[in-house]
Amino acid sequence: MSQSTKTTLNDIVETIKKGGSTKYHEKNAEKGKLFVRERLQLLFDEGIEIEDAFFANCTSEGLPADGVVTGIGKINGQTVCVMANDSTVKAGSWGAKTVEKIIRIQETAEKLQVPLLYLVDSAGARITDQIEMFPGRRGAGRIFYNQVKLSGKVPQICLLFGPSAAGGAYIPAFCDIVVMVDGNASMYLGSPRMAEMVIGEKVTEEEMGGAKMHCSVSGCGDVLAKSEEEAIAFARRYLSYFPTNYQQKPTPVEAKDPASFEKTLADIIPANQNAPFNMYDLINRVVDEDSVCEIKKLFAPELITTLARINGQPVGIIANQPRVKGGVLFHDSADKAAKFITLCDAFHIPLLFLADIPGFMIGTKVEQAGIIRHGAKMISAMSEATVPKISVVVRKAYGAGLYAMAGPAFEPDCCLALPSAFIAVMGAEAAVNAVYANKINALEPNERGAFIAQKREEYNQDIDIYRLASEMIVDAIVAPNDLRAELTSRFAAYNSKQLTFTDRKHGVYPV
Amino acid sequence: MAELKASMAGNVWKVVVGEGETVTDGQDIVILESMKMEIPIAAEQSGSVKELKVNEGDFVNEGDVLAIIE
């Protein structure tokens with residue numbers, strides 16, 4: 001190679017690496033946005049190691065890498081693929097080569113069977129290129145098709161740093177998890193400007209599709225990050241719970257004791273079933289210290305879905321939170337559980353259900369919101385999960401609540417009960433009311449109290465947890481302070497579980 | 001000024017504070033009784049209770065305003 005071509009190559013490489021013009025870099029910096037190559041530097045152990053189609057559109061003016069970086073690097077020593085929009089180039093919009101690059105890195109991730117991260121910061125399609133990038137076989141539609149095909153084969157993570165509008169909003173939608181940066185990230189099919197033009201609605205960008213809204217109201221976002229650095233750190237941590245692909249199991253880490261607390265688990269569970277209790281207090285006493293990695297913390301918080309580790313082994317926890325809405329399951333919490341269970345099951349992460357649930361919510365509001373089909377979706381996902389599955393009845397598990405939380409009929413590897421467990425179609429108050437309403441009304445008012453108290457007592461004896469253990473409905477009654485040890489040995493024993501749920505094509509999901 | 005809303009449908013079991021009282025972020029204002037559970041509804045900001053919109057025993061639906069805090 002002659003000296004002059006070498007210089008030319010270096011010059012071109014340096015120009016492409018700089019991305020778009022200075023004014024766009026400055027504009028991004030004002031919003032707390034990092035340049036795409038800085039993001040990748042933070043994301044990978046040692047920067048991006050392999051980059052393909054770096055020269056895409058290099059003969060056109062002002063389109064370095066055609067506005068997207070695609071390549072391979074390592075996270076926690078594990079090889080991963082990445083696509084990252086460069087919003088300093090035409091606002092990160094998709095031209096024909098942008099789309100082709102994204103499709104190719106998806107194909108690479110599939111061939112190598114490694115996770116794929118989407119670092120999204122894009123204004124959407126380049127209308128001027130629409131014939132080349134929109135409708136055809138390798139148009140943008142193929143990106144979503146590939147995402148669906150990759151789903152459950154390799155982890156797919158979306159870090160949303162800026163807009164993802166219209167069709168682009170489906171990239172996060174098809175990922176396993178979406179991390180949104182507060183203030184900058186947004187998702188919507190139609191922008192506020194478009195909404196005003198087309199349907200006459202006046203709305204702010206935050207209300208329409210901001211990070212807070214999606215992470216707490218719509219459920220399209222899973223994790224709300226304060227900054228890009230925080231979002232990237234989360235992605236690195238999240239991946240440590242996952243195997244590289246569905247054919248492998250997650251790698252355990254060194255076991256840690258739980259954090260230490262003055263009060264033991266036995267001390268914190270209230271005797272009164274109806275009094276609120278903070279389920280995080282239980283989780284923190286059972287899992288390894290600092291191992292909680294919560295998903296959808298702000299969305300439907302009456303149900304907690306979190307990754308954690310028990311004795312170094314990753315587990316996915318689905319736990320009712322009595323402190324919020326009494327721990328009752330709603331349409332949104334059932335939907336949240338279904339996605340989380342599917343995520344864990346796809347990548348061999350064992351499931352732990354912690355039940356303290358009065359049942360599914362009733363009333364017109366939730367019936368109109370379709371609580372029955374959302375509940376069915378959760379029960380369907382939980383039934384199909386073939387990973388080690390442990391159900392723990394912490395306090396009450398009433399009605400369909402018992403079923404949804406992997407009750408005995410749903411093939412958990414075991415159903416454990418704490419001594420405070422209470423399993424029934426409904427609680428004593430409601431049951432006595434339902435069965436004896438006419439009789440109570442017929443009694444003299446001064447006789448009612450004693451009658452009700454007596455019937456409740458009889459009812460509670462009938463569903464006594466030792467009776468359920470005697471009938472072999474629960475597999476064991478465990479002292480609260482022994483729960484972690486019990487879970488540790490059981491998860492270790494169930495590690496070799498091999499189960500195929502079915503050989504059919506697929507069920508007709510109640511989605 | 002902030003409206004404190006019911007997080008779910010239920011009956012007002014206890015109104016814990018009085019009008020004009022100073023409250024802090026996270027303090028329970030009203031306790032609902034729903035699905036046989038106590039459902040505490042806490043203030044989402046510190047301030048004083050300008051108005052209580054409900055009485056004990058009232059039925060409230062999800063989203064109904066329970067109190068105004070300013």
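**Reading the two chains**

Tutor: The end C-alpha atoms of residues 260–511 of chain A are 41 Å apart, and this span is 40% helix and 18% strand. Helices (H or I, at least four residues) and strands (E, at least two) are DSSP runs, numbered from the N terminus. UniProt, in an unreviewed entry, places the feature "domain: CoA carboxyltransferase C-terminal" at these residues, 260–511 of chain A. UniProt positions are given in the numbering used here, feature names are shortened, and annotations may be inferred rather than shown by experiment.

Student: What kind of model is this, and how are its parts numbered?

Tutor: This is a predicted model, in which local features need pLDDT of at least 70 and side-chain atom pairs count only at pLDDT 80 or more, while totals for chains, interfaces and linings use all residues. Residues are numbered from 1 along each chain as its sequence is written, and chains are lettered from A and ligands numbered from 1 in the order in which they are written.

Student: Which domains does the assignment give for chain A?

Tutor: Domain bounds come from an automatic or database domain assignment. For chain A, this gives domain 1 (3–239) and domain 2 (265–421 + 474–496). Their centres, taken over C-alpha atoms, are separated by 34 Å.

Student: How many residues of domain 1 of chain A are in contact with domain 2 of chain A?

Tutor: Two residues are in contact if their C-beta atoms, placed from the backbone, lie within 7 Å. Here 12 residues of domain 1 of chain A are in contact with 11 residues of domain 2 of chain A. On the domain 1 side, helix 10 (211–218), strand 8 (223–225) and helix 11 (228–239) of chain A are the elements that give two or more residues. That side divides into 6 nonpolar, 3 polar and 3 charged residues. In this scheme Ala, Val, Leu, Ile, Met, Phe, Trp, Tyr, Cys and Pro count as nonpolar, Asp, Glu, Lys and Arg as charged, and the others, Gly among them, as polar.

Student: What is the secondary structure of chain B?

Tutor: Chain B has 0 helices and 8 strands. Buried residues make up 31% of its 70 residues. UniProt, again in an unreviewed entry, places "domain: Lipoyl-binding" at residues 1–70 of chain B, whose end C-alpha atoms lie 4 Å apart.

Student: Which strand gives the largest share of the side of chain B that touches chain A?

Tutor: In all, 12 residues of chain B are in contact with 14 residues of chain A. Strand 5 (residues 37–42) of chain B gives the largest share of the chain B side, 4 residues.

Conventions. A residue is buried if 20 or more other C-beta atoms lie within 10 Å of its own, exposed if 12 or fewer, and partly exposed in between; C-beta atoms are placed from the backbone.
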